[in-house]
Amino acid sequence: MFCAISGEAPEYPVVSLKSGNVFEKQLIIKYIADHGKDPITGEEITAEDIVELKSSPETVKPRPPKLSSVPSLLSSLQNEWDSVMLESFTLKQQYQQVRQELSHALYQNDAATRVIARLKKERDSAREALANVQAHLGSVAPVAETKRESMEVDASSLPKQVLLTIAETSDALSADRRKRKAPTDYTSIDTLKTFTQTLTVPSLHSSRTPGITALDVDVTGNLVLTGGNDKKVQIYNKAEEKVMVDLPGHTKKVTTVKFRGQDSEKDVFVSGSADKHVRVWVNGGAKGYHTGHNLVAHSAEVSALTIHPSKNYFASAALDGQWSFYDFEHGKSILDTTDAEAEKGYSALEFHPDGMILGAGTVDSVVRIWDVKSQTVAANFAGHTGKISALAFSGNGYILATASEDNLVKIWDLRKLANTKTFTLDEGYKVHSLSFDHYGQYLAVGGSDVRILKAKDGSPITAFTDNTAEVTGLKWSPAADSLLAAGLDRTLRYFSAP
């Protein structure tokens, strides 16, 4: 008989009651002390489970082989080989066990990391929601009060100081407008015909939800303000050729953006979104701008913003059929006017150059001219079919251009309150933006492409088809020597003479 551990004849043989194997007493006692298991079967075992064997005659321990002969060397090498193989087998088992434990630990770590990331995202969303609620607490309640006042009081609910500012601004601008004439070196029709695309700024806003949905330019012409489908507002610095501001905040696409129009290095601007919020952005913060006021005066998507010529006020319109009048200084709604006849809401909005009237386009294809001081409708312009997609006043204040989904552009004479000209565009042509030059001589149309028309009779001057998606915004330079276009292809395009 031989020891199941050493493979040699035991000097003090014992047998395991659980496995029935024979061992050398010293070896099995030491193994049990170290592992507490049977070395062959792996069963739990104690010293009490070992029974000594009595042999007669007693086993004589064989003499160790001498390494002076080939058989003894082979025997010794075989024993060492067996030991190495046994140890290698044990190490492989331990390696597999450690590998499985490590894999399990890595899986737990990855799962924990994902849970932590999700919790952080939910925490940040909760913090933002709480901040919005705290910011709105002071503005939501007054909105309801204003609505009740406008329903109960027939007279204007605008404060006297606001009415005075509107009147003074109108008087000053009217006098200046009547004297305004284009300089002799103003951009001519022949020059416009030579216009070509001279500069492009591609890849603005996110590519995941692509598209520039709104456009404005500051008074210097250097800073370009854009809003996008990616819910962000950006400012591009033309001189430095880079995006200097990238502002998140809105929770849905940005539909409209406007600079306040002050001659300052970092002008205040406003943005409206499909999330029903109007945000006033002011200089400061880590990104250069931060939300100065977050206004909730609407119960549906904000479709348009316009700045009053005094630069002290601005207005917003939404699909809830309401337009609101705000004060920049206090960042709150002064007046909310609901139009019961605009059942589907407003889709376009712009102040007259004098600031006394407000043009509002409805989803129901009607253009309303509001008297700002009395909040009454001064005129209704009908004739379009489909949603009013854009409107613009000429610089002299006499002409209003409107466009809708029926691929028509109409010119209205505000002195006669009549439609004096209608331009029929290509079948299926979509208009998203209209823009008069400073002196009202040219009208730019943006949509399926970019076109420049003669404002007086609508005759075409030139057209540009460089865009790869619909154009959503247009802005003339003060001297009409350049036209800026932005669209859903995430690109700013400058058109000018070569």
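This is a predicted model: local features need pLDDT of at least 70, side-chain atom pairs count only at pLDDT 80 or more; totals for chains, interfaces and linings use all residues.
Residues are numbered from 1 along each chain as its sequence is written. Local features need pLDDT of at least 70, side-chain atom pairs count only at pLDDT 80 or more, and totals for chains, interfaces and linings use all residues, while side-chain values use heavy atoms, with hydrogens and water left out.

**Exercise 1. Find out whether Thr491 is buried or exposed, and which residues surround it.**

Step 1. Let's locate Thr491: it lies in the loop between E30 and E31. Strands (E, at least two residues) and helices (H or I, at least four) are DSSP runs, numbered from the N terminus.

Step 2. Now check accessibility. Thr491 has a relative accessible area of 8%, so it is buried. The cut-offs are under 20% for buried and over 50% for exposed, with partly exposed in between (1.4 Å probe, protein chains only).

Step 3. Look for contacts (heavy atoms within 4.5 Å). Beyond its neighbours within four places in sequence, Thr491 is in contact with residues including Thr200, Pro202, Ile212 and Ala485.

Step 4. Finally, follow the side chain of Thr491, which reaches the backbone oxygen of Asp489 at 3.1 Å.

**Exercise 2. Describe where Lys410 sits and which side chain it joins in a polar contact.**

Step 1. Find strand E23 (residues 408-413), the place of Lys410.

Step 2. List what Lys410 touches, not counting residues up to four places away in sequence; among them are Gly383, His384, Leu400 and Thr422.

Step 3. Pick out the partner: the side chains of Lys410 and Thr422 are joined by a polar contact of 3.2 Å. Such a contact is a pair of N or O atoms within 3.5 Å; within protein, one must be able to donate a hydrogen and the other to accept it, and residues adjacent in sequence count only if both atoms are side-chain atoms.

**Exercise 3. Work out which residues have the most contacts inside the largest nonpolar core.**

Step 1. Start with the term: a nonpolar core is a set of buried Ala, Val, Leu, Ile, Met, Phe, Trp, Tyr and Cys residues joined through side-chain atoms within 4.5 Å.

Step 2. Go to the largest core, which has 19 residues; Leu158, Trp323 and Phe325 have the most contacts inside it. Elements giving two or more residues to this core include helix H3 (160-179) and strand E15 (322-327).

Step 3. Zoom in on Trp323: leaving aside neighbours within four places in sequence, its contacts include Leu335, Tyr346, Leu358 and Trp370.
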